[in-house]
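Please consult the sequence and the coordinates alongside the text.

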Amino acid sequence: MIKTEKLNIPGTLPDKANRLPRFKSVNREHPVKGDGSFRDEDRIHLGYETGFRVLPYLMQDSYSREKEDLELDTVILENE
């Protein structure tokens, strides 16, 4: 069964999206765990330039700390 409801919770929404896209995370490499099967010379570049990317979305970094009552649309999916 699928239904929609309104959810009332306290929170805050971003004022506006930053005009500049966040091209990638400040961390250039994402930690990658190996299973021990790689040779040392192959492990050198494991995880190279795999940092988190969020393009094409703009950064949403303009938040207020003042909470207000928000009404959010939700979708509920239930199994029988």
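In which loop is leucine 13 found? Leucine 13 lies in the loop between β1 (2-11) and α1 (40-43). The model is predicted, and the values below are computed from it.

## Nonpolar surface patch

Leucine 13 belongs to a nonpolar patch on the surface, formed together with Leu7, Ile9 and Leu72. The accessible area of these residues together is about 300 Å².

Leucine 72 is located in strand β2. Its relative accessibility is 30%, and leucine 72 therefore counts as partly exposed. Leaving aside residues up to four places away in sequence, leucine 72 touches Glu5, Lys6, Leu7 and Ile9; two of these contacts, Leu7 and Ile9, are also members of the patch.

## Salt bridges

How many salt bridges does a search of the whole structure find? The search finds three.

One joins the side chains of lysine 3 and glutamate 5, with an N to O distance of 3.5 Å. Both partners are partly exposed: lysine 3 has a relative accessible area of 31%, and glutamate 5 has one of 38%. Another connects aspartate 73 with lysine 6 at 2.4 Å, N to O. This pair links distant parts of the chain, as aspartate 73 is in strand β2 (residues 68-77) and lysine 6 is in strand β1, 67 residues apart. Aspartate 73 has a relative accessibility of 62% and so counts as exposed, the cut-off for that class being over 50%.

A further salt bridge is formed by glutamate 41 and arginine 39, whose closest N and O atoms are 3.4 Å apart. Glutamate 41 counts as partly exposed, at 47% relative accessibility.

## Surroundings of glutamate 29

Which residues does glutamate 29 touch, not counting residues up to four places away in sequence? They are Gly47, Tyr48, Glu49, Thr50 and Gly51. Glutamate 29 itself is found in the loop between β1 and α1, the loop that also holds leucine 13.

For glutamate 29 and glutamate 49, the C-alpha separation is 4.9 Å, although the two residues are 20 residues apart along the chain. With a relative accessibility of 39%, glutamate 29 counts as partly exposed.

Definitions and conventions: Residues numbered from 1 in each chain as written. Predicted model: local features only at pLDDT ≥ 70, side-chain atom pairs only at ≥ 80, totals over all residues. Heavy atoms only, no water. Patch = residues over 30% accessible without salt bridge, like charges linked within 9 Å, V, L, I, M, F, W, Y side chains within 5 Å. Areas by Shrake-Rupley, 256 points an atom, 1.4 Å probe, with all protein chains shown as cover. Salt bridge = Lys/Arg side-chain N within 4 Å of Asp/Glu carboxyl O. Helix = DSSP H or I, 4+ residues; strand = E, 2+ residues; numbered from the N terminus. Buried < 20%, exposed > 50% of the residue type's maximum accessible area, 1.4 Å probe, protein only. Contact = heavy atoms within 4.5 Å.
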